[in-house]
Structures are given as structure tokens and as C-alpha cells.
Amino acid sequence: MTDLAQRAETRVKLFNRICFGVLIAFALLWLVPLAWALDTALKPNAETTRTTWAIADPTLDAFSRVLRDTDIITWFGSSLFISTLTAVGTVLVASLAAYALSRMRFRYRNVVFWLVLAGIMIPGQVLIVPWFREFDALGLLNTWWAVSLPQIPTAIAVFIFKQFFDGLPRELEEVARMDGAGYLRIYRKIIMPLARPAVAAVAIFTFVTSWNDLLWPLLVLSNPDIMTVPVGLATVQGAFGIRYADTMASAILGAIPLVAVFLLFQRHIVEGIAGSGLKG
Amino acid sequence: MTLTRRALLSGTAAAAALGLTGCSGVTPGRDTSGSLDYWNLFGGGDGVRMTQMLDAFRTANPRVTLSAVTLAWGNPYYTKLALATLGDKPPDVAISHLTRMKTLVSSDLLEELRPADLARHGISADLFTERAWQAGLVDGKAYAIPLDTHPFVMFYNTDICEKAGLLDSSGALTPLDTPEKFTEAMRKAKEASGAYGGVVTINNDTSTPWRIFQSLYSQLGGEVLADQGRRVVLDEARASQVLTFLQSLTKSGLFPAATDYQGSIATFANGQAGFYFQGEWEISTFQTAKMPFSMTLFPNVFGGDKYAVQADSHTLVIPRRPDQSQAGLDRSLLLVRSMLDQSKTWAEGGHVPAWLPFRDSAEYQAMTPQSNYSAAADAAVYDPEGWYSGSGSNFEIVMGSAVATVLGGQQSPADAIAQMRGQLQNLSTTASPI
Amino acid sequence: MTTETVVRPRPATEDGAPPEQRPGTGLPALGFLAPFLILYLAFIIGPTIYGLVMSFFDTSLVKPGLSGFAGFGNYAEALQSSDFWSSLWHTVWFTVLTTPPLIVLAFVFALLADRASRGRWFFRLAFFAPFILPSAVVALIWIFIYTPGLGLIETALLKIGITSPNWLGDPNWAMPSLAMTTIWWTLGFNFVLYLAGLQEIPRDLYEASAMDGASPWQQIRKITIPMLGRTTTLVAVLQVIASLKVFDQMYIMTSGGPNFATRSILEYVYDEGFTNFRVGYAAAVSMLFFVVVLLVSAVWFTIVRRQEKGV
């Protein structure tokens, strides 16, 4: 009996060790493209036509050239503004609506609820054609508003907040109400502070999704001086020609802000995904 | 690549700057300071030359803040240009192919260039290649200033052609002006090269098969579309004659039956073919390869005494904007004029200049092999009119892919013509969106 | 979701509020809902209806108004167009190439990482970091990796004696190449979902089966896979829907080429609507695509229903 258990244990240990080795190998493999991009960006352009990891003459020239010759700093500004506006806007309007749906009783509540539910089914991508005409009519093409506004009313965010609010205990609100607090005060002073995890998840996700969005911003942002990072990188690539170090440096610069966000909020992001299964 | 760039820079910057001096005095007393956005689609050698030309403009006009953007070539470029103009934030000046420009005009996206405005900058119709200027008019009005004509041409390996006995005593290529002479020359070149007589791109490229077909087909006087693309007038007898001829070249092994754009360049650059058929812009590639080659007109195989060849032109256009001012327009035209004045730099990339003051100059006549094929500009056949036609358009894709199947031996000429007709019928009956 | 709980007999109070609620909450509710609803109607519901209407007209991008009525003409044209079907097929082909590896690899990696006692943060970093990169960054890096003549993969394969195809240039290889890039890019998302799913499986289940002498392999088959059924359904559906919406990779890396071999349905909408200016037709194609997405979602709901009943 003990012998059997012991043998099983050794077997499990060996198995775990093999698993670990295999996993390490794959994880390293997964890092190769990023490492290769960084390696190339540190070479002078002339060295990039030799496919080798060794760098004879490492330099940061490619980075300074990209920063000097492209509008990438402007693109960062655009992306930052649009993503922040979208994230803040989404959190605000979705949490307000979710609070009403979670805590208030009113006529047509079901109608509103099902209307919002239907919205989850509509992918933004099928709306690009009417959106374009709409923003043309509004005279808002080529503005940050055109990128941000349609992304703010996100049905899934309302559901995440509603689900979270439904799970919050109501005792605190009852006490506040006894003291004569109105809905808005309760929402601001009690509900939102308690809902911080949901706020973090929705805000970070909206920010990242908005930052990475390509199709719609590509259509509305035609001018290099207001483009977002992905649109700029996708559109103005021709300017680099075959200067691979510059191209890789621009890719790495384009990646840095989100990698920073990821490192700062790693736990929130991972828990957010695991909790909600939210995906753009 | 860096080598060529450096060589080009040192070689032409001085000349370009010289060319500009003529233009700096064009708008006396007018304040030209301000910003100027310019969009183009040039990569490779064209991109390097365009950058030089823009730098020369900056040096000559320090008060104009010029910001130039190079966007990805082809459909994405025209999409971006149209969307930016619809969004009321277009560039001040943009490059457009002549065959794509008309769609932009009918969509009301371009500013008309009035003779009076042009005259202030010393630009008028009589200073351009007539064919390029005329082809760019819409209802008799000008909307685009042609910078060049870029015809389909014939590159030939001088060593192989000499070995094959195809050069006369002065070193000029013997005329290939009948199907028999053409085929015979390819046969001799094949013997001399030991691999192929000639090469033309077939795979993964619909433009090149279309260009060679259109060149031969229009030598026979054939037309494909009429009534602004609303009617298909493909002539079966002529198309069949051209396709049968093209298929005979690959079937007999004189041309490779499967090769893509890069592959066809390599075949010619490595001396495995005596002739190569493509737009003149590939001149830089073979100069860089330091191979013995020259260029001349695409042969007049079917034309008899009338010559025709497929071509397009790069033009400069001024997109429509609600806040267009006289000063802004003049600033834009200043750049246009500067580009024309630097036609020499541009011609080094193979393009035939549309600007007659340079094209008629002794300097251009002395440029070889560029001046060998300059006559092509006068016989240029542009893609037919139609909202779905033009460089890189659906029309070229339909025609080119059918021609490619004939060259590759996958389809008979008759089947390919049926395929063309069917797909063109679909396009021509689709309600025009403009 | 708690949708059933709100369906209850309407009380007799004037504003329809349930008895336990204070009356008069109708107006504040409207205030709370208004910002969302206004934006929602303006940018989701309104455009959906507008798009549907437009799909029955020959609307042009460069002409004001809806232009001529086309009836079902746009739909008929799309359903008869080989370009429509081939772009739909490319989209499906991309989905087929990416979904199984993205599920299986993510599952295997999560399983391995779950057994690892150390360094979980490292695996999460390695697999998840690519997922948060913008598509344009991913595309630039992979275009370089696939470059003929000096690409990393070609050089590496050459060292072990394998000649690479022209990854992005060959019509037959372009789509698998895009799929490979996409797997690298998005695997981390599924990896994290699986990792979370694995942590919810009670440990004593494994301990009990180990006592019975079950091998690790048997444990995976008998415990892990069945327990992760719902996660797998979720991963699969999110994956299929995300794959159907593919656009970025094609647009940047191949422009839908070579010879349209990688043009996805969304790129077809983009081409027809914004390059050819035919927004009416593009709206009709969008609606057809919408129907496909709805069908996939409907299949998912059916499966989830069945799973919930089964548990």
C-alpha cells in the first residue's frame, strides 16, 4: 500500500518535472518574436540584413530616428486621449445605467433590459458603414470624438456592473436612505467605492480595447496628425521602406504604453478576464 | 540599397536645387508662408527621389512648412484620400494616378484647376505632353497636373542580344514589329541565354498581364469598355489573336509559364532571359544590379504604322476642401510647379516627363536609356473610363487574372475571353456609386 | 443572469413599482439611464436600423441621401457574387486554422502551468504579453519575421535543412502564416481563462483519484477535461466570434492578398464600401455577416442551456 503510493508519487514528480521543462521551452519560444524585434531595433539599419542575434554595434539610433521623423509622439497623445475618454465614459454611463437596472423599479424596466441585452449581440464592426455616414452628417469625421463616442455605450459593461451591484449587500444603502440620502449620493458614496474591482476591470479593458482598435479609427482618422498609434503604424509604414531597425523600433515604441499598463495592472487584467470572459 | 541612395543623393541634389531657381520668382510679392500637407504613395527608388525633390522644395521655400506623408500604395491610398476629403481634412496636394483621378473628379473630391490660377505659376496646357494632358481632362476642365507618363516598356540584356545577333552595327536592337520577327528574336535570345527568350510576370500580379495584353490589343485597335464603363465592347477576334499569340510564347518555352514579380526580375537580372517586359520604373533595380541592359519601346507587334502601348501617369491633384483660400491654392501650386521643375530627378527613375520644357531639352535627349522610349508617351493608351477602372482597380484584376491563366496555360483564349466578358458584364451593370 | 426574477405580476401602484420599493423612482431611474440610453440609441440601435435601411438602397459614399431604392438587389448581388463567397470562405478558413490550436495549446499550456509550483508569473507574462499589443505592432514584427531571404523563421528552418515557402507571398501559405501570427498573439487570453478554470477544480478530487492509483494522464481525462467543459465552450465561442471578425492582420500584413487569397469578409465590406464607395451594398454585406454572427451565438446559447441542464 505505502509502496504503491510512493511509486505513484515518484511518477507524479517525474511527470511534473517533464511538464515544467516543456512549458519553459514553449514560454521561451513565445518570447522570441518580441526579443527579436528588440534585438533588431538595437542594430544599425545596415546590420539588419544579416539574420543573427549578435549585434556588432548596438545603438539607440533607430529609436531616436523614429521619434524624430514620425508623428509617433502625436499618435501617443491621440491614443491616450481617445482611450481615456472612452474608458471614463464607458465606466460612467454603464455604471449609472446598471445602478438603475439593479436598484430601481420603474415602468418598461424589462424593455430597457432586453434592449440592452440585444446590444451585446451587435458587433461594432457591422456598424462601420452607417457610423461613417452618421459622423459625416455630424461633421465630426477626422476628430477624436468620432473614434470615441460609438465605443462608449457598451452593453456588456452594463451587464458586468449590474451583476456586480446585484451581489452587493443592501444594508448600507438602507442606512444611508434612513439618513435621507438620495440615489445619486448613494451611487457616489457607497456603490462606486464598493464596486472598485468592477470599475478597474471595465476601465482597463475598455482602455486596452480602445487603444488597440484599428478598423473604425482607420476609417475616420485620415490625417497623420490626429491618428492613433495602431492607425499611424498601419498607414504610414511605407515611409520606412526596408529600414528594419527603424520599423522594429517603431513597433516597440508602439507597444511600450500597453506593456506598462499590463505590468502595472497585471492582477486586475488577469482577474478581469477570468471573471467576465470579456473580449473585444 | 543604402549605396544607391547615397549615390543618388550626391548625384542629383545639386541638379534639383538648380532646377528650382527658375520657380522661386513665380509669385512675386505674394506671401507664401504657411503649412502645406502633401500625400504620396511612392516607395523604393521613386520614394527616394521624391524625398530629394521635397527637400529641394524646402530649401527653396523656407517659409513653407511642408509635411509630406507616404501612404501604402494602391487601393488603401485612394481610400484614405477619398475619406480624408469627405471628412473635410484632405492634404493640400496629393499624387494620383491619372486613371484613378477621374473617379475622384466624378465624386466631386477634387478642385478644378483654372487656367488663370495655373497661369500665375507659369503652368499651361501647351507645356505638357499632349496625350497626358488631354487624357486628364474631364468635360474639358483640368483637375490634375501630369508629372510623367509611365509606359509599359521592353528591357533587353545587351550581351545576350549581341550574342543572338539581334543588334545592328550601331548597337541598336533590330525592329520586332511583326509577330514573326518578335517570336524569332525570342527564339534566338533563348538560344543565347540558354534558358528563356523573354520573361513577363504571370503569378500573383494582375497588373502586368493586363499591361502586356492591353498594349498588344490596342495595337490592333481594340477597346474593352465604352460609355464610361456601362458597356462592354470587348472584341473577340482581336482579343483572341492577342491571347493566342501570348500563349504561344509560354507554350513553346520561349517565356517561363509560371513566374511572379520578383521571380521575373531575378530571371532577367541573372541573364536567364534576353527580354523583360514591365513598366519603366524597374530601371533602378537593374542599374543597381550593374547588369548589361538597355530599354526601348514595347515593340509594335500588331500595329503596323500605328503604335500603341499601355501606360498611366502620376498626376498632382488638389483635393477639394471647404476652407480653400487663394493663398492656400497658390502655396499648393508652388509645390506643383516645383515638382515639374525637378522633372530631371524624376526622369532618372525611368518615368517619361510630361513637362515639355524638360522633355524637349537637350539634357533629357541625352539621357539613356530613358529617351529611347519617350515616344511611348505620345502613343499611351490609358485604362478605359469607368468607375471600376484604373490602375490596380477591379477592372485590371478581372482582365489581368484572365490573361494570366492564358499565359500560364490553364485556360484557352476562348475560355478566358468568356470569363472576361462574364465578369465585366457584372461590373458594367452594377449601378455606379458616383 | 437574473432576468427571470423581474418577471412578476404587476402591482396596482401607479408607477408600477413593486410594493417593497418607495414610489416615485421612475424619474431618477430615467436620469440614471439617460446618458447610456441616449448614446446607445444614437450609436448602436440607430445605426443598426439605418444600416438595415441603407442595405435596400444603392447608397453611395460620395453622394448625399440614400439614392435609388434597390429592393433586395444588394442581397441578391452579394449572394451571387464569387467575391462575397470567397471572402466568407477565407474568414471561415481562418477560423478553422486558428480555433483548434488556440483551444488545444491554451489548454495544454494552462494544464502544465497549473502543475508548476514556481514561476507562474513568468508563464503568464510570456503567453499573455503578446495579447495586449496592438495588432499593428504584432503585424510589423511578424512581417519582418516572414520576410523572404532574411526572415527569422526562414533562417532557422534553413539551419535544420528545411526550405521555407514564401510565407506571406504564396497564396496557399499566406493564410496559415496569418493564422500562426494570430495564435501567437491571442493565445494568452484563452490561457488565462483556462488557468482560472483549473483553479476552480477541487484539489481533493485529484487526491482521491491518486489514492485509487490513477495516473496523471487518467486524471486529466477523467477529471480535468470534463470539469473544464463550460470553460471550453466559452473559449470556443469567443474564439469563433473573434476569428469571424478578423480584419487587422490581413489589412496590414497582406492587404487581403496575394491575389485576394486572404481577404476576409470585413475587408470585403471595407473594400466595397470605402474603396468602391458602394456603401449600400456594403451595408447589405454587413447585415449578412451579422446574421452569421447571430447564428454562431444562437448555437452557443443552445449548448450552454444544455450544459446547464446537464449539471
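A: Two strands are counted as paired if DSSP finds at least two bridges between them. The model is a predicted one. On that basis, chain B contains an open sheet of five strands, arranged in the order S2-S1-S3-S14-S6 and with mixed pairing.

Helix H2 (residues 44–60) of chain B lies across both S1 and S2 of chain B, and its direction makes an angle of about 170 degrees with S2(B).

The architecture of chain C may be described next. Chain C has 13 helices and zero strands. Its C-alpha trace spans about 70 × 60 × 30 Å along the principal axes. The radius of gyration of chain C is 25 Å, well over the 19 Å given by the globule rule for 311 residues, so chain C is more spread out than a compact globule. Of the 311 residues in chain C, 43% are buried. Among contacts in chain C with a separation of 6 or more, 67% join residues 24 or more positions apart.

One helix pair illustrates the packing within chain C. Helix H3 (residues 82–115) and helix H12 (residues 265–275) of chain C pack at an angle of about 145 degrees, and their axes are 7 Å apart. On the H3(C) side, Asp83(C), Phe84(C), Ser87(C), Leu88(C) and Thr91(C) take part, and they meet Ile265(C), Glu267(C) and Tyr268(C) of H12(C). This contact comprises four nonpolar, two polar and two charged residues.

Chain C also meets chain A, where 77 residues of chain A are in contact with 78 residues of chain C. Helix H1 (residues 2–41) of chain A supplies 17 residues, the largest share of the side of chain A that touches chain C. By class, that side of chain A holds 58 nonpolar, 12 polar and seven charged residues.

Terms used
Residues are numbered from 1 along each chain as its sequence is written. Chains are lettered from A and ligands numbered from 1 in the order in which they are written. This is a predicted model: local features need pLDDT of at least 70, side-chain atom pairs count only at pLDDT 80 or more; totals for chains, interfaces and linings use all residues. Two residues are in contact if their C-beta atoms, placed from the backbone, lie within 7 Å. Helices (H or I, at least four residues) and strands (E, at least two) are DSSP runs, numbered from the N terminus. Ala, Val, Leu, Ile, Met, Phe, Trp, Tyr, Cys and Pro count as nonpolar, Asp, Glu, Lys and Arg as charged, and the others, Gly among them, as polar. Axes are lines fitted to C-alpha atoms, for helices over the stretch in contact, and angles run from 0 to 180 degrees between N-to-C directions. The radius of gyration is taken over C-alpha atoms; the globule rule is 2.2 Å times the number of residues to the power 0.38. A residue is buried if 20 or more other C-beta atoms lie within 10 Å of its own, exposed if 12 or fewer, and partly exposed in between; C-beta atoms are placed from the backbone.
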